[in-house]
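This briefing goes through selected local features of one chain, grouped by topic. Please keep the sequence and the model in view while reading.

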Amino acid sequence: MPEDSTRLARRLGLRDAIVIGMGSMIGAGVFSVFAPAAAIAGVGLLVGLAIAAVISFCNATSSAQLAAQYPSSGGSYLYGRERLGEWPGFFAGWSFVVGKTASCAAMALVFAAYVAPSGWEKPVAAAAVVVLAVVNCLGITRTVALTRVIVAVVLVVLALVIVAGLSGWAANGSGLGLADNPDGLADPGWYGILQSAGLLFFAFAGYARLATLGEEVKHPARTIPRAIVAALCITLVLYLVVALAALGSLGPAGLAASGSPLIDIVRDRSWFWAVPVVRIGAAAASLGALLALMAGVGRTTLAMAREGDLPRWLGAVHPRFRVPYRAELALMVATVALVLSVDLRGAVGFSAFGVLLYYVVANAAAFTQSGAARRYPKIAQVVGGMGCLLLVSTLPLPSIVGGIMVLAAGILYRLLARHRMPRPAGERTLN
């Protein structure tokens, strides 16, 4: 059937879906985010971690509830269109594509920072993007196979770091560093704690990748909700233990001053043999996050192209590998351009702004569900949506201004495209 040639193949089971979710979340963030969070909030980063986890859980349950009812590619772009209308859907989709393309560039730059010789970071980062784009174009099962290997390597490395950190905590007898600062939790104030929550939130954000893969999951109404919640819970426990190990071993001040905190944890125990192992783990984590990010952005681009919100030629599915290969290749070009033209800080700022707004739409869409489609109470969507808006307000002003400009450019493009290119006859209207 001609209709089948435009659909993706359902090949992912529950374990594969959990692996993709963990591969998306347990990425470069866990190797880098705790130091800036400690610099902002000290021991208060533990409160920030709890806030980020609550907001992430609310967002995850909204994504799971929506993905169960709408098991197709597109994530909140699709959900926004179906539940709220074309413009909210476009807002979510554009926010996701912009934010996560920036995240792809950031992950590539983090990978290169660990493995590339000095001065070669950008070329190595660009090469990593090209290689992983090819992997994604060869089919989703190959994506899962590589992600499974990466997750296994990262978990082993984090286990090593946790053992070193907890043994250092016991040896130093310093607790969480509160002996020198018993009011450490209060020092940064709530603004600092919320800023740390904003940073730590993005170490969790990979669960959305599962929603964008809804068209490729077996029994999606059952598999996606279970996989999202399971991957999030496993990741939360892991992050909490890593945070405790880092604070206990290095103390808040030492953690805040560290450029590579997990490496410093093993150095603190004089485990110098473990330093290259941790570097390998950081590089693998960055690659795992980049691989899953590219798969998710490609599927959202596919969904937007199908509806005409992006050029329709991006909606092509490869006849053999059953992947949106044109969307993947376009993403590769855009990501390489970002890698070669921006720094890590700029990429992360755009990513933060776009992703938080994406989840605002997801929570609003889930709030409208009722009957058999409702799996979680509406208060979860209220907390998730308000929490995302709160974290957006704590971002640096340049990130907010730049994000608004990019969103405005997308809106202008859609207005011009809709004006110049009439919709095909018979195409349904969701407004």
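Helices here are DSSP runs of H or I with at least four residues, numbered from the N terminus. The model is predicted. By that numbering, S270 falls in the loop between α12 (261–268) and α13 (275–306).

**Salt bridges**

- The structure contains five salt bridges.
- One of them joins R81 and D309, whose closest N and O atoms are 3.2 Å apart. R81 belongs to helix α5 (residues 76–83) and D309 to the loop between α13 and α14, so this pair ties together parts that are 228 residues apart in sequence. Both R81 and D309 are buried.
- R414 forms a salt bridge with E86, and the closest N and O atoms are again given as 3.2 Å apart. Because R414 sits in helix α17 (residues 397–420) and E86 in helix α6, the pair ties together parts that are 328 residues apart in sequence. Both R414 and E86 are buried.
- A salt bridge also connects D309 with R414, with 2.7 Å between the closest N and O atoms. This pair links distant parts of the chain, namely the loop between α13 and α14 for D309 and helix α17 for R414, 105 residues apart.
- D309 has a relative accessible area of 0% and is therefore buried. R414 counts as buried because its relative accessibility is 3%.
- Through shared partners, salt bridges join R81, E86, D309 and R414 into one network.

**Helix α14**

- Helix α14 (residues 325–341) has 17 residues, which at 1.5 Å a residue should span 24 Å. The end C-alpha atoms of α14 are 24 Å apart, in agreement with that expectation.
- Which residues of α14 are buried? They are A327, E328, L331, M332, T335, V336 and V339. These residues cover an arc of only 165 degrees around the axis, so they lie on the same side of α14.
- V333, L340 and S341 are exposed, on the other side of α14.
- The buried residues of α14 pack against α6 (86–115), α7 (121–137) and α13.

**Aromatic pairs**

- Searching the whole structure gives nine aromatic pairs.
- Among them is the pair of Y358 and Y359, which is edge-to-face, with 5.1 Å from centre to centre and 80 degrees between the planes.
- Y358 counts as buried because its relative accessibility is 2%. Y359 is likewise counted as buried, at 0% relative accessibility.
- Ring pairs link F96, F201, Y358 and Y359 into a cluster.

**S351 in helix α15**

- S351 is placed in helix α15 (residues 344–367).
- Is S351 buried or exposed? With a relative accessibility of 6%, S351 counts as buried, since the limit for that class is under 20%.
- A polar atom of the S351 side chain lies 3.2 Å from the backbone oxygen of G99.
- Leaving aside residues up to four places away in sequence, S351 touches G99, A102, S103 and F202.

- S270 has a positive phi of about 60 degrees, although S270 is not a glycine.
- The relative accessible area of S270 is 48%, so S270 is partly exposed. That class lies between the 20% limit for buried and the 50% limit for exposed.

**L12 before helix α1**

- L12 lies in the segment before α1 (14–25).
- L12 has a relative accessible area of 1% and is therefore buried.
- How many residues apart in sequence are L12 and K218? They are 206 residues apart in sequence, while their C-alpha atoms are 5.7 Å apart in space.

Key:
Residues are numbered from 1 along each chain as its sequence is written. This is a predicted model: local features need pLDDT of at least 70, side-chain atom pairs count only at pLDDT 80 or more; totals for chains, interfaces and linings use all residues. Side-chain values use heavy atoms; hydrogens and water are left out. Helices (H or I, at least four residues) and strands (E, at least two) are DSSP runs, numbered from the N terminus. Buried means under 20% relative accessible area, exposed over 50%, partly exposed in between (1.4 Å probe, protein chains only). A polar contact is a pair of N or O atoms within 3.5 Å; within protein, one must be able to donate a hydrogen and the other to accept it, and residues adjacent in sequence count only if both atoms are side-chain atoms. Contact means heavy atoms within 4.5 Å. The expected span of a helix is 1.5 Å times one less than its number of residues. The arc is that of the directions from the helix axis to the C-beta atoms. A salt bridge is a side-chain nitrogen of Lys or Arg within 4 Å of a carboxyl oxygen of Asp or Glu. Rings of Phe, Tyr and Trp (its six-membered ring) pair if their centres lie within 6.5 Å; planes under 30 degrees apart count as stacked, over 60 as edge-to-face and the rest as tilted.
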